[in-house]
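Please read these notes with the model open.

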Amino acid sequence: MYAQMVKSTGQGAKTRDEMTDEERDFQDRIDADIKIEPRDWMPDGYRKTLIRQIGQHAHSEIVGQLPEGNWITRAPTLERKMILLAKVQDEAGHGLYLYSAAETLGVSRDDLTAQLLSGKMKYSSIFNYPTLTWADIGAVGWLVDGAAIMNQVPLQRTSYGPYARAMIRICKEESFHQRQGYDIMMKMAQGSPEQRKMAQDALNRFWYPSLMMFGPSDKDSVHSAQSMAWKIKINTNDELRQKFVDQTVPQADYLGLTIPDENLKWNEETGRHDFSEPDWTEFFDVIKGNGPCNTERMNARMKAWEDGQWVRDGLLAHGRKRAAANVAAE
Ligand code: FAQ
């Protein structure tokens, strides 16, 4: 897909000498931290990279409702049910802001959805893992929303105006999501031996998939160099993964839970934690469509799209009627 159309890290970002005059002017605006707005001139690759990233981000928010939606009817109390329902609705809202931001780049939401359903566009690898117990809902909020925020806070300063502005509200809501997840983990970790075991088991299963959310290691990240030169991305995948580990280790300690990594230790020299890389073979396999829940997630999206056909048809028919009535009135 778009990945093939822009220069990748292997080739590096374009040098000033390789740029046209228009591209040089554009780069100067980026370097001066001037936001790019929908009607501004932009290189084709910049537009395509944004459509790819924002589109995948939107799909992730929408598909991301499925693992948690699975628990709405089984939440242990009415209060937990209301909180989870509100969180899942927030994720739908995030998807909609992001589709709107992508539409400002000249692609329709229908087109983005068609690309998702045909397998041309991706969504985050994390949502291909199942939520087996209530503790998993805690782990999703704590770790998955925690990783999402770590990645999205810098995106509030991304160079494309509509994306940066969407991120401001999304980050506020994600902070609430992360806290509600941590709150579930606290209850479970301080609960009965069985609840404690469930909390540890959820951490064991969600730890490495959460690390994978930041994308492949920098040496394998094809888009990072150009995306960072354009300030579409502000940090590399490895930088954010490291920050996430450093932030999460004390939180796990507070819960009295053990991160499933024998190599995890504080490094006095670097002032950061050393930790094991996720299994990258598993990551690439999951994003190719072979994760535990890929088929289930895509079937759910396909069904939602087909079930919604009558609503889209109704809206179009209504639009046509109104247009005809306007013409008649003139
Ligand atoms: N999953 O060259 P890079 C959330 C692909 S929101 C699947 O490093 P890039 C909220 C990548 O697309 C979570 N594919 O790529 C929530 C590329 O393939 P392509 C979503 C991945 O774009 C919480 C290839 O690998 N957040 O969770 C993944 O520079 C709870 C090479 O990679 C965003 O989308 C992955 N994890 O960096 C909702 C944030 N990683 O497209 C419900 C915005 C990489 O060439 C419940 N996105 N790939 O075929 C980004 O910051 C970036 O796109 C990265 C990847 C960092 C994800």
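Predicted model: local features only at pLDDT ≥ 70, side-chain atom pairs only at ≥ 80, totals over all residues.

1. A charge counts as over a ring if NZ of Lys or CZ of Arg is within 6 Å of the ring centre and within 35 degrees of the ring normal. Arginine 74 meets this over the face of tryptophan 71, at 4.1 Å from the ring centre.

2. Numbering runs from 1 along each chain as its sequence is written, and side-chain values use heavy atoms, without hydrogens and water.

3. The whole structure holds 9 aromatic pairs (Phe, Tyr and Trp rings, the six-membered one for Trp, with centres within 6.5 Å; planes under 30 degrees apart are stacked, over 60 edge-to-face, the rest tilted). Tryptophan 280 and phenylalanine 283 are edge-to-face, because their planes stand at 90 degrees, with centres 5.4 Å apart. Phe26, Trp41, Tyr46 and Trp230 form one aromatic cluster.

4. Where does the pair of tryptophan 280 and phenylalanine 283 lie? Both are in helix H11 (residues 280–290), 3 residues apart, about one turn of the helix (helices are DSSP runs of H or I, at least four residues, numbered from the N terminus). Tryptophan 280 is buried at 15% relative accessible area (buried means under 20%, with a 1.4 Å probe and protein chains only). Phenylalanine 283 is also buried, at 5%.

5. The model has 0 disulfides (cysteine sulfur pairs within 2.5 Å). Cysteine 171 is buried at 5% relative accessible area. Cysteine 293 is buried too, at 5%.

How values were computed: Buried < 20%, exposed > 50% of the residue type's maximum accessible area, 1.4 Å probe, protein only. Helix = DSSP H or I, 4+ residues; strand = E, 2+ residues; numbered from the N terminus.
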